[in-house]
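Here is a short report on selected local features of one protein model. Please view it alongside the sequence and coordinates.

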Amino acid sequence: MENRRTKRSTERDEALQYLMESLADRREVHAVALVDESGHIVAGMGMPSELAGLAKIARGGIRREPSDQFDEVTRGTDFFGKEIPLADGRVFLAALGTRVRKMSDAAVAIGRITRAA
C-alpha cells in the first residue's frame with residue numbers, strides 16, 4: 001500500500017494541522033476544523049470567519065440540535081460533521097464546502113495521530 005503523505009510530524013498538533021490542510025486540498029471544502037468538547041479549534045484550515053463558525057456549530061450540528069447559528073454558518077454551503085471518540089474525550093470534525101464527502105479515513109487518521117502522541 002502506497003503512503004501518499006508528503007508532510008509528516010511526530011508532534012501531535014502539527015500532525016493534526018497537516019491532516020486538516022490535506023483534507024481541505026482533497027475534499028473540495030472551504031473550511032475544515034477539528035474542534036474539542038469545549039468548542040476550541042484544535043486544528044483547522046480555511047477563512048477565520050468560517051473556522052469560527054465551525055467552532056460554534058460543530059458539536060450541535062453533528063448531534064442535529066436545532067440552532068439559528070447553524071443555519072447562518074451553513075447558508076449556501078454543505079456541512080459535514082463527525083464525532084470522534086478518543087481515549088481522553090471527544091473531538092468533532094466539521095467541514096463546509098460543496099459536495100462535501102464522507103471523511104471516514106480522516107477519523108481513522110485522527111485516532112492514529114492522537115494515540116501516537
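## Basis

This is a predicted model; local features need pLDDT of at least 70, side-chain atom pairs count only at pLDDT 80 or more, and totals for chains, interfaces and linings use all residues. Residues are numbered from 1 along each chain as its sequence is written, and side-chain values use heavy atoms, with hydrogens and water left out.

## Helix α1

Helix α1 spans residues 12–26, 15 residues in total. Helices (H or I, at least four residues) and strands (E, at least two) are DSSP runs, numbered from the N terminus. From first C-alpha to last, α1 reaches 21 Å, close to the 21 Å expected at 1.5 Å a residue. The expected span is 1.5 Å times one less than the number of residues.

The buried residues of α1 are A15, L16, L19, M20, L23 and A24. Buried means under 20% relative accessible area, exposed over 50%, partly exposed in between (1.4 Å probe, protein chains only). E28 follows α1 and has a positive phi, near 55°.

## T114

T114 lies in helix α4 (residues 104–116). T114 counts as buried because its relative accessibility is 18%. Beyond neighbours within four places in sequence, T114 is in contact (heavy atoms within 4.5 Å) with R12 and L86. Its side chain reaches the backbone oxygen of G111 at 3.1 Å.

D88 is 26 residues from T114 in sequence, yet 9.5 Å away in space, C-alpha to C-alpha.

## T77

T77 sits in the loop between α3 (68–74) and β3 (78–86). Setting aside residues up to four places away in sequence, T77 touches H30, L96, G97 and T98. The T77 side chain reaches the backbone oxygen of G97 at 3.0 Å.

Note on methods
Polar contact = N/O pair within 3.5 Å; in protein donor to acceptor, adjacent residues only side chain to side chain.
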